[in-house]
Amino acid sequence: MPRTSRRDVILSAAVAAAALGLDKSLAIAAPARGQKTADPTRGFFRYAVGDAECTAVYDGIYEKTHDPAFFSNATVAETKRALADAGLTTAFVPIPISVFVVKLNGKLVLCDAGGGNQVQAFHPECVFVSGKTVANMRAAGIDPKRIDTVLISHFHPDHIFGLLEKNTNAPVFPNAEIIVPAAEYRWWTDPSLITRLPPGHRPLARRIQAVIPHWKNVLPVEGEDEVMPGIRFVNAPGHTPGHTAFHVSSGNQQLMISGDAAYVPALGAAHPRWHGVFDWDAVGAVASRRRLLDQVIADNMMICGSHFPWPGLGKIARDGSGYALTTVHST
Ligand SMILES: [Zn+2]
């Protein structure tokens, strides 16, 4: 059920991030046992993109043990060097998870939903903490019940399990319209997919197929339509078949909400040709990554991403054969 909507979003000048008022009285829960990375002092970070009020919301972190299969064309030593180059720990791969709330043109929009405290790491030494989104949204003064729209970049667990209540699969945002890329929806809801997936990925597809097609508030959208005034889809396939970024435009400012296109920028942006095990089509992912980052640079946009260093916001520039992210630091 694709829908047609206005397309011609004008791409124009830069976004200047500006921290708005923040409530310092709201504390964040203690780190989970085994978690080595401290949670941010405040689990939300607010900034402006034109008239849009954007809020980065911290969902958790995946502390992944090193694994030679992580990149098919980069070694663990190269991975550690890339992390060190970015000033990150090399003891494990730090993969923070953020979601983004955009308040624009009278609508409150949640971009991806985090892991809902339901994502399991395959390796017992890995730590996977997620599901802090709702508490941190409340800390930011955002009532989850008032979310009008949820945009989903792709159907990986750290992006969609936050839509589902643990155990019951009940919708966490029952009043919101959930807009998803049609290509992603078609891929994951095809019954023949289950047997084509590696066994470890089948439970995810089964859960998606058992729940998502039965929800009345899910709207698949084709192509690069404007999904609401000021926000349009941007095709970035490869990480998954329908992986999609979100472009926010207000006044003369723009923000690219890049999903997993650049993944952890110390790895994916600095070394855009690396083929990650997390990418369904690694060659396609490289092409999408370059196209998206080149567009962000050409149009002088701000960029944020689901696994960028907290608070997930920055500027990207070319750096040798790759890209370098300069992050905006939270206070
Ligand atoms: Zn992800």
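Colleague: Which residues form one aromatic cluster here?

Modeller: As a general idea, a pair of aromatic rings is described by the distance of the centres and the angle of the planes. In this predicted model, one cluster of aromatic residues consists of F70, F71, Y263, W274 and F278. The count of aromatic pairs comes to 11.

Colleague: Which residue lies over the face of F70?

Modeller: That residue is K64, at 4.4 Å from the ring centre of F70. A second case of this kind involves R207, which is placed over the face of F161, with 4.4 Å to the ring centre.

Colleague: R207 belongs to helix α6. Which residues of that helix are buried?

Modeller: Helix α6 spans residues 202–211, and its buried residues are L204, A205, R207, I208, Q209 and V211. The elements that cover them include α3 (157–160), α4 (182–189) and α5 (193–196).

Colleague: Let us turn to the metal. Which residues are the protein donors of the zinc ion?

Modeller: The donors are D158 and D260, each through OD, and H159 and H307, each through NE2. Their distances from the zinc ion run from 2.1 to 2.4 Å. Along the chain, these donors follow the spacing D-H-x100-D-x46-H. Within that pattern, D260 and H307 link distant parts of the chain, 47 residues apart. D260 lies in the loop between β12 (253–257) and α7 (265–268), whereas H307 lies in the loop between β13 (302–304) and β14 (313–319). Both D260 and H307 are buried.

Colleague: Where is H154 placed, and is H154 buried or exposed?

Modeller: H154 sits in the loop between β6 (149–151) and α3. Burial is read from the relative accessible area, with under 20% counted as buried. H154 has a value of 0%, so H154 is buried.

Colleague: Which side chains make a polar contact with the side chain of H154?

Modeller: One is the side chain of H239, at 3.2 Å. Another is the side chain of D260, joined to that of H154 by a polar contact of 3.4 Å; D260 is also one of the zinc donors. Apart from neighbours within four places in sequence, the contacts of H154 include D112, H159, E184 and H243.

Colleague: Is P124 buried or exposed?

Modeller: An area over 50% counts as exposed. P124 has a relative accessible area of 78%, so P124 is exposed. Its place is in the loop between β4 (107–111) and β5 (127–129).

Colleague: Which residues does A266 touch?

Modeller: A266, in helix α7, touches A82, L83, A86, L88 and H271, leaving out residues up to four places away in sequence. A266 is buried, with a relative accessible area of 11%. The C-alpha atoms of A266 and G87 are 9.0 Å apart, although 179 residues separate the two along the chain.

Colleague: Finally, how many helices and strands does the chain have?

Modeller: The chain has 8 helices and 15 strands. Of its 331 residues, 56% are buried. Among contacts with a separation of 6 or more, 68% join residues 24 or more positions apart.

Notes:
Residues numbered from 1 in each chain as written. Predicted model: local features only at pLDDT ≥ 70, side-chain atom pairs only at ≥ 80, totals over all residues. Heavy atoms only, no water. Donors = N, O, S within 2.8 Å, 3.2 Å for Na, K, Ca; no water. Helix = DSSP H or I, 4+ residues; strand = E, 2+ residues; numbered from the N terminus. Buried < 20%, exposed > 50% of the residue type's maximum accessible area, 1.4 Å probe, protein only. Contact = heavy atoms within 4.5 Å. Phe/Tyr/Trp six-rings, centres within 6.5 Å; stacked < 30°, edge-to-face > 60°. Lys NZ or Arg CZ within 6 Å of the ring centre and 35° of its normal. Polar contact = N/O pair within 3.5 Å; in protein donor to acceptor, adjacent residues only side chain to side chain.
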